[in-house]
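Subject: Handover of a structure

Dear colleague,

Please find below the structure that I am handing over to you. My notes on what was found in it follow.

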Amino acid sequence: MAHHIEGSRNSCALHGALQVVEAIEGGVPVIHSNAGCGAQHFFGVNRLNAGGDRFGGPPVSSSNISEKHVVFGGSSRLREQLKNTVKIVDGDLYVIVTGCSTEMVGDDIPAMAKEGRDQDFQVIYANTPGFRGDVHQGYQLAVKALIEQLPDLGKADKAPVEGLVNIWGIIPHQDPFWAGNLEEIGRLLEGIGLKANILFGYGQGVPEWNRVPDALLNIVVSVWGEAPALLLEERYGTPVLTVEGLPVGAAAGRYLRKISERLELDTTETESFINKEEKRLNTYLAGLADTYYRAGFQREFALIGESSQVVGISDFLAGTLGLIPRTLIITDNPPEYAREALVTRLTGIIEGDRTEVFFSEDLAEITDLVRSGGAELVLGSALEEDVAAELGVPFLQLSFPLSDRVVLNRSYAGYRGAATLLEDLGSAILSENYNTKILHSRVRHGGFDSHKQRHADSVVHAV
Amino acid sequence: MSLLKTKASRTREKRLDTLNAWQGNVSSAVTEFSDGEPVKRIRTFSQSTQDDLLYALRLLAGISDSVAVIHAPRGCAAAALFHQVTSGSGRWIVTNLDDRDTIMGADLKLRKAVKEVYQRYKPNVVFIVSSPVVAINNDDIQSVVEELHEELELDIVPIYVTGFASHHAVTGYDTTLHALLKYLGGKRGQLRSNQRVNLLAVAEHPDDRREAERLLNALGLELNILPDGALPETFRKAASARHSLSLDQDTENYLGITLRDEYGVPYAEVSRPIGIGGTGRWLEEAGNALGLEESVQVLHKQESERANSALKNFSLKGVRVYLGLASATAFSVLGFVEEFGGEVIGLTVSRLDQLHKERLEKLSELHPALQIHVADGQPFEETNIIKRLSPDLYIGDSIHLGQIGRLGIPVVSLEDVPVLGYNGAISLARRFSAALHNRSFGEVLARTPLPYKDSWFRRSPNWHIKKEVK
């Protein structure tokens, strides 16, 4: 039996499916549920990723069922809604996604999708009631629906793309850096002569999805990418390669070598690309050294986020940057079988370390763990801001939900992402120093207050 | 019969004949509400919009020293996460109903959640928020409320929202206010009357609440502000106050009339204090009701001089404005636009009902042909209308302003800015000036297409609004 959760950050299956459909160009979700389900998604997911809204508001089609449909069934309402959606909303693919109420009522969704297809519209469906799981299950259900139901899957009209590889397991919006991370992973794979099918974000539409069976390899970046990769292996015999977590910094080189070896690519080309990238990152790291020593970067840290983020970022912070992982909290509920491997992986980054790894999505529990761990630096979501303030240590928001930053195509993956992460982390440490030293001295000398007063005056005069 | 005997308030459509799908001019809107009950319309195509559960979560996030237990599958709490991380208020847990719970019911789970949350935080009050799944299954919340109330000696307030029983999200405010008074208001006659005045503020911007408080304090009034920022005991005090003052009849109406009819606290609905003249009229009403006519005159003179001097270079002369706002706000902002010489050429309001009849009649005398569109979050209709009118400025408070912006016109959002009182007028003027002064962002947004087909914009905007066949 699922336990209650304080401050849940994993939303529901319907919302996970919406994140998938909205991240595909030309994808139009058609929500069959009561009016609020789409607005909940907009408030609770899109808005907490500042800058992640494709339609300019909540989803553009929703049947908004009322009491009548709960009592007598809502299939006819869905038929009407679907018929009008294809007339009004521009799109290449219409995806019916369901909420709890219509699933409890038992509306016949497959039949409605088939009616749409019989009229020559591209319509597929996914049953995604919130009582069936969180965003991660929603991602898997929607991706499964795409692979199983896309009418033109595998029937690419153009010649097959050479060296195509699919990327699975990065969930749009649940990873706030999804767009930038996918772009960077694409860039790295291109660097060794491959073509990444990143499937979500700018320029990624139905044609890209139709090419999924043509790939040489399915690369799995998080445990949530396993199911689609296994489904494709079963259907098309495409091999699977798992990278353990988001590749940040040096980890990128390790995985590029692994992929290169598996696909028997030109080793010289791979090595030359990795060398070039590492050299550039090393130059930046060397430039940072003075600030690193002066501001005391080498701290014990707490990191709260999704499994692939925690693995990738801890690996970089500890393995490259010399920070000390203290409390690592994984919030995405990975399946039991994956947990032991995660713990082994994370506690093994530095030998003999006293890193503690936890699995929780309950805010009260997470807060207690961070507090008792006593880190000198907290990296997490907006929900960890209070406990970081309580500990009086620098804090950086990097996992969902975000409240104090805008993310458009920023990335924490790869070599470029590693440098970006360093910029953000370093800024958090320096601004903490600034706030404690400089602002306090201003307030003490009265300078800060008079500055504030001048600002307030200029606001009134600006009108 | 006492209003508060029932489990929940009546829906807005039953109580006030509320419409949320309608288009026409002001004079036909007056006719609609004059000839008996208006004919209900529905949409054959609709877009996501808010529901009563979302409104309940918004209101409850503002109540201090409380925890909300959202009795639902996990996604129904998404908006609570938004309120928590963006306004830093509102502790909540979700019971996380799963497949099995939808079949077997989840009373035990609810009981456990309430107990644990009480042990951990010892709040003054726990809210239990219902949801579509719980409403469909007809899960028994009431016995959990009654048993745990005794066992824990704790106020537990059940909020019976459903997500589908009403077409109007605002019903969620009514349902929540009904429950708050029913469980926290105390019994009539057992309360000693006090000299405080209730200021009714539902989901107002904190600066707006402070502005109203500042003005009323300047008149020497001691206030009881609710439900925003209220403590559980505020509701008991409110039930014995000497008067209730209104900030927004749309949202707080149920609270005002229940305090009046159930506890005998006088309440008069006035339009929102928006704009300098509008704020003056609002203060005047308050002064008349409380015998403070002279102090009000002095205060208005002093404050309006200050505001006018801050606004001396501000004018909307020659500016054609479209409004897409909650109804009461729309009518008051219309007054503000006209006060500064602008022209409102059309408006989309979230709903129309018996509460707006008087405002519509007055408006009809001045602008009988002005077009009104009634919709809660249906941007496909709104963009179709605005494309035809091409206004110079759009003022809105909905969650789809990102779409309006793609029409290339300057947009000002009132969702999260102070609008009330003299300071609100200054803040509004700043926003309007900036939007009109530099339009480059709108021009860039216009290069991203709207999500609709071109053929839709050749259809009439009300194509999908039909009279309901019962």
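Two strands are said to pair if DSSP finds at least two bridges between them. Helices (H or I, at least four residues) and strands (E, at least two) are DSSP runs, numbered from the N terminus. The model is predicted: local features need pLDDT of at least 70, side-chain atom pairs count only at pLDDT 80 or more, and totals for chains, interfaces and linings use all residues. Residues are numbered from 1 along each chain as its sequence is written, while chains are lettered from A and ligands numbered from 1 in the order in which they are written.

I begin with the sheet of chain A. An open sheet is formed there by 3 strands in the order 2-3-4, with parallel pairing. Strand 2 (27-32) and strand 4 (123-126) of chain A are its edge strands, each pairing on one side only. On average, neighbouring strands of this sheet are turned by 25° against each other, direction ignored; axes are lines fitted to C-alpha atoms, for helices over the stretch in contact, and angles run from 0 to 180 degrees between N-to-C directions. Strand 3 (residues 93-98) of chain A is joined to strand 4 of chain A in the parallel sense over 4 bridges, and Val95(A) stands opposite Ile124(A) of strand 4.

Two helices lie across strand 2, strand 3 and strand 4 of chain A: helix 1 of chain A, at about 155° to strand 2, and helix 6 (residues 109-118) of chain A, at about 165° to strand 4.

Helix 1 (residues 13-22) of chain A also packs with helix 7 (residues 135-149) of chain A, at an angle of about 50° and with the axes 6 Å apart. Helix 1 of chain A is therefore oblique to helix 7 of chain A (angles under 35 degrees count as roughly parallel, over 145 as roughly antiparallel, 65 to 115 as roughly perpendicular and the rest as oblique).

Finally, the two chains meet. In chain B, 64 residues are in contact with 65 residues of chain A, contact requiring C-beta atoms, placed from the backbone, to lie within 7 Å. Helix 4 (residues 78-87) of chain B gives the most to the side of chain B that touches chain A, with 7 residues. Strand 1 (residues 5-6) of chain A pairs with strand 4 (residues 91-94) of chain B in the antiparallel sense over 2 bridges, where Ile5(A) stands opposite Val94(B).

Yours sincerely
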